[in-house]
Amino acid sequence: MPVESGSSAAARQAKQKRKSHSLSIRRTNSTEQDRSGLQRDMLEGQSSDNLESFMRMEDSKLPLSLRSNLLDLFSQIEREFENLYIENLELRREIETLNDRLAAEGQTFEGADLAKGALKTKASHSTSQLSQKLKTTYKASTSKIVSSFKATTSRAVCQLVKEYVGHRDGIWDLSVTRTQPVVLGTASADHSAMLWSIETGKCLLKYMGHQGSVNSIKFHPTEQMALTASGDQTAHIWRYMVQLPTPQPVADISQQTPCEDDVDFSDKDEADGEAEGPNDCPSIRVATTTLRSHQGVVIAADWLVGGKQVVTASWDRAANLYDVETSELVHSLTGHDQELTHCCTHPTQRLVVTSSRDTTFRLWDFRDPSIHSVNVFQGHTDTVTSAVFTVGDNVVSGSDDRTVKVWDLKNMRSPIATIRTDSAVNRISVSVNQKIIALPHDNRQVRLFDMSGVRLARLPRSNRQGHRRMVCCSAWCEDNTTCNLFTCGFDRQAIGWNINIPALLQEK
């Protein structure tokens, strides 16, 4: 390690003294010249603190490039806080002005608390309008400032009810059966798919017919059949028969957990050792039907309405349409420039939507047997991780560009709503009845939004509950009284949640 010479050390001390002297002069001048406003004092204090931080960083052993980046980031944060502080001061002045106008018109306040919007009007119609304007302006502007520092509290209740543990690797996808008995299906990178009892969390069946990662699982609309897509370049259709175990008493949900109140205290991951899988779980190793023709990983698959055809999406940049009975390839859907990431079918119409790494998703229309039209949706700047249909005429798309967009099928030029988040979005789902969008994120969070882009809740996550790694997929099951939302991730577990939807919508 190099040692400073006596001359260089003395020069360095002299340099630091000069900087310290200039700093003290700057502080003195700024204090003597202007003491008129709280805002200027705060900003000068912040600048002095930043300069002191800069001096301390000069003595740091960090590389110069890293120190420069840190200083740039700190300055950006400081500017953001300054802008918010200035905006807050302007709002306060506006509120005081409006208060004076109200007082001049004979308006009285009984313990007026602006933070609670408790303005009590007794005057004429014009005064009521002015009061309403005051409350609206304050509420909208203040919520914008507050949300920059702290998430708003929601009365909606989101409770973790059941954890489904047994896979030996991350879980890519999950789905709920559409026929009785209602069970949960999971697809994992451990080359298996599992069926679970929703109420007890017990594994009922394990499918082990694939030779690669199982990337998706979907259930037939009317029969006990499952469709799985795999990294072994195939999709399998297999029949299952399960018997539900005796339900156990459900955990008391009277202790309601507000969605926004959980704090992440730890980044604790699961043990490095493999999770203990269910030893007594029966297994299936042979598929009823194997669909082959892709030249790459099959990343997703889904049933078309009626269940007589299926569509698969692959990394070979194509989506294939198959006949279930004959296993024959009906159509190869080409046009994407890069690997496909997801595919989804409309619940009531012969429509298919495919997502791709080329930042687009495509709508394929098979309603007219003689014409197979395609529409290209361009609105994202990064990989489109999923695009799903709603019961109506909307498509909701999620992307690695940290946005979710809501589209109208009748007008594909621009989205009707855009949701901006702080992390990449994976396979989303939309509830059938209330059209609530569940967003699984790379940063282990799960957030709920409505179709207009209003945030409703964030599912609780801490060192005691919730996902500990990337959340890959979400799936709604509104008719189930125990769990009506399911999520899975690369912490090797699926989670069943109970979402109090009436309380969720009450916040709107």
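Trainee: What should I know before I start?
Mentor: The model is predicted, so local features need pLDDT of at least 70 and side-chain atom pairs count only at pLDDT 80 or more, while totals for chains, interfaces and linings use all residues. Residues are numbered from 1 along each chain as its sequence is written, and side-chain values use heavy atoms, with hydrogens and water left out.

Trainee: How many salt bridges does the structure hold?
Mentor: Seven. A salt bridge here is a side-chain nitrogen of Lys or Arg within 4 Å of a carboxyl oxygen of Asp or Glu.

Trainee: Which residue does D173 pair with?
Mentor: D173 forms a salt bridge with R427, and their closest N and O atoms are 3.7 Å apart. The two are 254 residues apart in the chain: D173 is in strand β2 (residues 171-176), and R427 is in the loop between β22 (417-420) and β23 (429-430). Strands (E, at least two residues) and helices (H or I, at least four) are DSSP runs, numbered from the N terminus.

Trainee: Is D173 buried or exposed?
Mentor: D173 is buried, at 2% relative accessible area. R427 is buried too, at 9%. Buried means under 20% relative accessible area, exposed over 50%, and partly exposed in between (1.4 Å probe, protein chains only).

Trainee: Which residues are linked in a network with D173?
Mentor: K218 and R427 are linked with D173 in a network of salt bridges.

Trainee: What about R239?
Mentor: R239 meets E223 in a salt bridge, 3.1 Å from N to O. R239 lies in strand β8 (residues 234-239) and E223 in the loop between β6 (214-219) and β7 (225-230), 16 residues apart. R239 is partly exposed at 44%, and E223 is partly exposed at 32%.

Trainee: And K410?
Mentor: The side chain of K410 forms a salt bridge with that of D393, at 3.7 Å from N to O. K410 is exposed, with 70% relative accessibility, whereas D393 is partly exposed at 32%.

Trainee: New topic. Where does R447 lie?
Mentor: R447 lies in strand β25 (residues 446-449) and counts as buried at 9% relative accessibility.

Trainee: What joins the side chains of R447 and D422?
Mentor: A polar contact of 3.2 Å. That term means a pair of N or O atoms within 3.5 Å; within protein, one must be able to donate a hydrogen and the other to accept it, and residues adjacent in sequence count only if both atoms are side-chain atoms.

Trainee: What else is R447 in contact with?
Mentor: Leaving aside neighbours within four places in sequence, the contacts of R447 (heavy atoms within 4.5 Å) include I437, L439, H441 and R455.
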